Amino acid sequence: MRIAFTSLKSVGGTFMDWSFGYLTGKVPVVDNPMGGNGNNAHGHNMKNGMIHPIWNHPRGNLVKEWLNDSKDHKGIKTFYPFVNGNFAMGDLFYDLNKEMIEYLLEQEVKVFLLQPTTPYPYLGARFWKDEDHIDFFQRYLKTDSTSFKKIRELASFRVIANATKSVEDADKFHSQMNSKVTGSFTDTDWQTNPEDCIKSICDTLGIEILSNRLEQWRPITEKWADNMARVNKWYQQGINEITTAIVENNPMALPKLDLMGQITIMAHLMKDHGKRLILPTDEFPLDSQHLNRYIK
């Protein structure tokens, strides 16, 4: 049996994949996937045979390649296939996801979907370093610019509207696909009630959860859920605290912000306060009163 966990954006699908394998003992995973230095759910997948094949990889369809390589495998294999949104934007992204899921079903793969129901994280992209930001935003904005100043300015006008539309598009996509797959959960379901979700998956597949692993899994899951809650709190509360401090010229030291974080602050200054932040250079001061000098 081959089992796929997938989602339109990063809402915890990798952790669902890891959790299923850990709790059932069906894949060789060990330790805590929340560790640093690459020792997280992604690192475990790479080290222990769990994989994330990309449907639209520049060098070919890695999902089909993996399915072909694993067709004679006996027992259970799980994986997290996905469409890379960095290389497929707009309607093409959803068309490719539909194409991928339908192909998985044709190959008799058990498919579980995670549905994003909130607009954040914006753009649904996970960036590890500045070069990833630049590469993505050049495609997203159709620009050759490598200037943070220029990219921030252009993206801040689009990112919130894009995020809002992505929820509408995801809802439409899932209304078409949920009835076809083995099971589906919303991001809120998974992030707030992960144990119930995993039990539902195992009940559907007729697979037993190992009681000794369940006890070890719970504190790991609690830490994971806390991390997800912190991300949500940033969008629901933290951004407003920062933008309000900037507009009202109240002293506040901002946290370290990557390019996406900087764009988000600028976008919410416009949306929530009707103010534009026009910085003269690529630098983004992490001080609310310093930033106040540049709002218009």
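How much space lies in the largest cavity? The answer, for this predicted model, is about 30 Å³. A search of the whole structure finds 1 cavity of 30 Å³ or more. In general terms, rolling a probe the size of a water molecule over the atoms shows where empty space is left.

T6, S7, L8, N97, I101, L113, F173 and H174 line the largest cavity. Sorted by class, the lining holds 4 nonpolar and 4 polar residues, with no charged residues.

The wider architecture gives the setting for these elements. The chain comprises 12 helices and 4 strands. It has 296 residues, of which 48% count as buried. Among contacts in the chain with a separation of 6 or more, 71% are accounted for by residues 24 or more positions apart.

Is V159 buried or exposed? Its relative accessibility is 1%, so V159 counts as buried, the cut-off for that class being under 20%. Leaving aside residues up to four places away in sequence, V159 touches Y122, L123, Y140, M260, I263 and A267. A further pairing across the sequence involves T264: the C-alpha atoms of V159 and T264 are separated by 7.6 Å, although the two residues are 105 residues apart along the chain.

T264 leads on to a helix pair, as this residue of α11 takes part in the contact with α10. Two packed helices are described by the angle between their axes and the distance between the axes. Here, helix α10 (residues 211–248) and helix α11 (residues 259–273) pack at an angle of about 75 degrees, and their axes are 9 Å apart. Because angles of 65 to 115 degrees count as roughly perpendicular, α10 is roughly perpendicular to α11. On the α10 side, the contact is made by W234, Y235, I239, N240, I242, T243, T244, I246 and V247. The α11 side supplies T264, I265, H268, L269 and H273. By class, the residues of this contact divide into 8 nonpolar and 6 polar, and no charged residue is present.

Note on methods
Residues are numbered from 1 along each chain as its sequence is written. This is a predicted model: local features need pLDDT of at least 70, side-chain atom pairs count only at pLDDT 80 or more; totals for chains, interfaces and linings use all residues. Side-chain values use heavy atoms; hydrogens and water are left out. Axes are lines fitted to C-alpha atoms, for helices over the stretch in contact, and angles run from 0 to 180 degrees between N-to-C directions. Helices (H or I, at least four residues) and strands (E, at least two) are DSSP runs, numbered from the N terminus. Angles under 35 degrees count as roughly parallel, over 145 as roughly antiparallel, 65 to 115 as roughly perpendicular and the rest as oblique. Contact means heavy atoms within 4.5 Å. Ala, Val, Leu, Ile, Met, Phe, Trp, Tyr, Cys and Pro count as nonpolar, Asp, Glu, Lys and Arg as charged, and the others, Gly among them, as polar. On a 1 Å grid over the protein atoms alone, a cavity is a set of points where a 1.4 Å probe fits but cannot get out, and a pocket is an open set with protein on both sides within 12 Å along at least five of seven lines; lining residues have an atom within 4 Å of a point. Grid points are joined across faces, edges and corners, and a volume is the space filled by probe spheres set on the points. Buried means under 20% relative accessible area, exposed over 50%, partly exposed in between (1.4 Å probe, protein chains only).
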